[in-house]
Amino acid sequence: MSIAIEATDLIKKYGDVTALDGLSLKVEQGTVFGLLGPNGAGKTTAVRVLTTLLKPDSGSATVSGVDVINDPVHAREIIGLSGQNASVDENLTGIENLIMLGRLFRLPKKEAIIRAHDLLERFNLTDAAKRIVKTYSGGMRRRLDLAASLIANPIILFLDEPTTGLDPRSRLMMWDVIERLVAEGTTVLLTTQYLEEADQLADKIAVIDKGKVIAQGTADELKTQVGGERIDVVVDQSKAEQAAQALQSMASGKVVIEGEHVQAPVSGGGVKVVEAVRALDIAKIEIKEIQLRRPTLDDVFLSLTGHHAEEVKIEDENVLVKKGRR
Amino acid sequence: MISRSITEEYANKHGKIYWFLHDSIVIAGRNLLRFRRNPEVLFFDVVQPIIFILLFAYVFGGAIDVGDNSYRSFLIPGIFVQTIAFAGASAAIGLNADMNSGIIDRFKSLPMNTTGVLLGQNFAELARSVITLLIMSLTGLAIGWEINGGFLNAIFAYLLLLAFGFSMSWIGASIGLSVSSPQVASTAGFAWLFPLTFLSNAFVPTETLPTWLRIFAEWNLITSIVASCRYLFGYPMEVAVDAPFSLQHPIITTIIWLVVITAIFMPIAGKKFRKVTSR
């Protein structure tokens with residue numbers, strides 16, 4: 001697999017504040033890479049450096065082998081960026097924005113118009129094409145911004161917190177759009193504070209804090225790194241003690257009882273659930289509920305950064321969003 | 001899907017300067033679209049010039065004695081110049097707003113020449129000046145202003161006014177790129193224009209001013225461009241034989257002023273622009 005994005009030892013300081021403190025990462029072509037971290041961790045700075053918008057104090061970075069620091073003009077032809085603040089012109093209509101950007105991308109006028117219409121259609125914005133962007137909803141703006149970043153047909157796409165501030169429905173729509181892009185072969189680097197989002201979209205995740213990558217791997221690898229899985233069985237409270245005994249032989253550690261929940265640490269995944277069911281069946285204990293639990297990315301985040309994670313509930317479709325906090 | 005090679009081929013068909021102008025014109029078009037949608041700008045461009053012409057002509061018209069010529073003919077070039085000078089403030093506000101919005105990042109991520117944002121802004125101001133001049137001239141003509149200096153002279157006067165607006169917009173751009181917010185840009189953009197335009201011959205003859213103010217007014221760019229326009233529109237003021245060079249030769253003085261201002265502020269604005277955009 002070839003490397004689409006590579007950063008080595010990036011350092012960027014603003015006065016006393018170190019935004020990037022030796023950040024390094026590698027993203028394989030055609031994959032989604034999630035940069036996960038709390039506010040102020042350096043995510044946006046990293047993206048700004050990788051997209052030629054900011055020069056680092058030291059370190060190097062390439063996109064598709066092109067040096068972003070020494071050859072930004074060439075690099076810009078490879079990448080697309082959809083930032084945290086939608087960077088479209090609020091006083092223009094959707095179609096005017098895309099045509100203008102197409103022409104600045106140096107498409108012939110006719111092509112720019114065709115492309116603008118294509119993109120609006122692709123992002124479900126055709127009906128709003130002639131409306132001024134000021135009147136768009138947050139989700140529409142983000143989609144227009146993403147469409148704008150695709151004018152250039154980038155082979156690598158940087159998405160800086162693509163769903164921050166969106167309602168759950170718009171977030172799901174955005175995820176869908178991103179997944180489609182990836183299916184078409186685009187390499188995506190996305191930053192997020194939403195652990196679920198990284199879990200959902202990213203093939204590989206780097207957890208960053210204070211300008212440094214502190215852990216890296218697939219969501220599964222990160223979870224394993226923090227701690228193993230456990231089987232959580234719900235039984236009648238009077239049978240809990242008995243159930244714990246029955247499960248102890250297959251557990252990889254001490255079985256814990258919490259009310260009617262009996263939790264057995266295991267390693268081996270789904271097979272262990274079957275074993276547990278058998279063991280409890282032999283002991284003639286009725287199972288109310290059984291589940292294999294794996295640590296969430298939230299657990300990963302907390303154990304790696306030492307920061308508390310704040311839970312914010314959004315009252316829609318039971319989507320639970322966890323927000324990293326310093 | 002448009003293949004990259006086609007785009008590249010098209011991009012390589014022209015040189016750097018072509019693309020710089022191309023990008024500037026695209027940006028100018030975008031700014032004009034924005035202006036059209038902004039009621040405040042519409043007011044500045046259309047309503048305010050009309051009000052100014054009518055206000056000065058009818059309110060002050062009878063009160064100020066300027067000798068043989070009618071005050072209206074004396075006044076209208078002054079109002080032209082003052083209104084066009086506002087292009088500077090407008091450039092300051094527009095550029096600052098762009099720098100503070102996410103759109104500049106979008107521009108920077110494109111293989112365009114981003115300095116086109118600066119030049120495009122000032123091109124758009126130039127286009128606004130054309131519209132403003134047209135509206136003011138029509139209003140003036142409607143209330144009895146006459147162009148008596150001949151067709152070519154009138155064209156020359158308009159060209160001087162546009163060149164004046166263009167050079168003002170470079171000062172404005174330098175201001176807009178130096179301050180933190182559009183609000184400050186607005187204040188800073190207008191603040192210096194009022195003393196500059198009033199300490200001139202735009203509304204009153206300079207002879208009435210106390211000496212130190214008179215010397216300033218006589219050498220003020222505003223004075224020389226207003227005097228040039230009066231001359232070119234066919235309402236020359238009497239100039240005393242001992243008057244300074246700037247009053248004896250207002251057109252040459254104006255051209256020198258405009259060249260000097262543009263030569264100083266165009267590079268300053270360009271430098272500031274690159275500094276701001278490389279943050």
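Is the crossing of α9(A) and α10(A) left-handed or right-handed? In this predicted model, the crossing of these two helices of chain A is right-handed.

## The pair α9 and α10 of chain A

Helix α9 of chain A covers residues 240-248 and helix α10 of chain A covers residues 270-282, and their axes come within 9 Å while crossing at roughly 125°. Because angles over 145 degrees count as roughly antiparallel and those from 65 to 115 as roughly perpendicular, α9(A) and α10(A) are therefore oblique to each other.

On the α9(A) side the residues that meet the partner helix are A243(A), A246(A) and L247(A), and on the α10(A) side they are A276(A), A279(A) and L280(A). Sorted by class, this contact of α9(A) with α10(A) consists of 6 nonpolar residues, with no polar and no charged ones.

## The nonpolar cores

The largest nonpolar core has 88 residues, and those that touch the most other members are L98(A), A147(A), V81(B) and C229(B). Helix α8 of chain B, which spans residues 151-176, gives the most to this core, contributing 9 residues.

What does L98(A) touch, when residues up to four places away in sequence are not counted? L98(A) touches A116(A), L119(A) and L120(A), and also A147(A), A148(A) and I151(A).

## Where chain A touches chain B

Between the two chains, 30 residues of chain A are in contact with 25 residues of chain B. On the side of chain A that touches chain B, the elements giving two or more residues are α2 (72-76), α3 (94-104) and α4 (109-122) of chain A, and α3(A) gives the most, with 5 residues.

How do the residues on this side of chain A divide into nonpolar, polar and charged? The division is 15 nonpolar, 6 polar and 9 charged residues on the side of chain A that touches chain B.

## The loop at G15 of chain A

G15(A) has its place in the loop between strands β1 (3-14) and β2 (17-28) of chain A. Since a residue with 12 or fewer other C-beta atoms within 10 Å of its own counts as exposed, G15(A), which has 5 of them within that distance, is exposed.

G15(A) and K272(A) are 257 residues apart along the chain, and their C-alpha atoms are separated by 54 Å.

Technical notes
Residues numbered from 1 in each chain as written. Chains lettered and ligands numbered in written order. Predicted model: local features only at pLDDT ≥ 70, side-chain atom pairs only at ≥ 80, totals over all residues. Axes fitted to C-alpha atoms, helices over the stretch in contact; angles between N-to-C directions. Helix = DSSP H or I, 4+ residues; strand = E, 2+ residues; numbered from the N terminus. Parallel < 35°, antiparallel > 145°, perpendicular 65-115°, else oblique. Left-handed = near helix turned anticlockwise from the far one by under 90°. Contact = placed C-beta atoms within 7 Å. Nonpolar A, V, L, I, M, F, W, Y, C, P; charged D, E, K, R; others polar. Core = buried A, V, L, I, M, F, W, Y, C linked by C-beta atoms within 7 Å. Buried ≥ 20, exposed ≤ 12 C-beta atoms within 10 Å, placed from the backbone.
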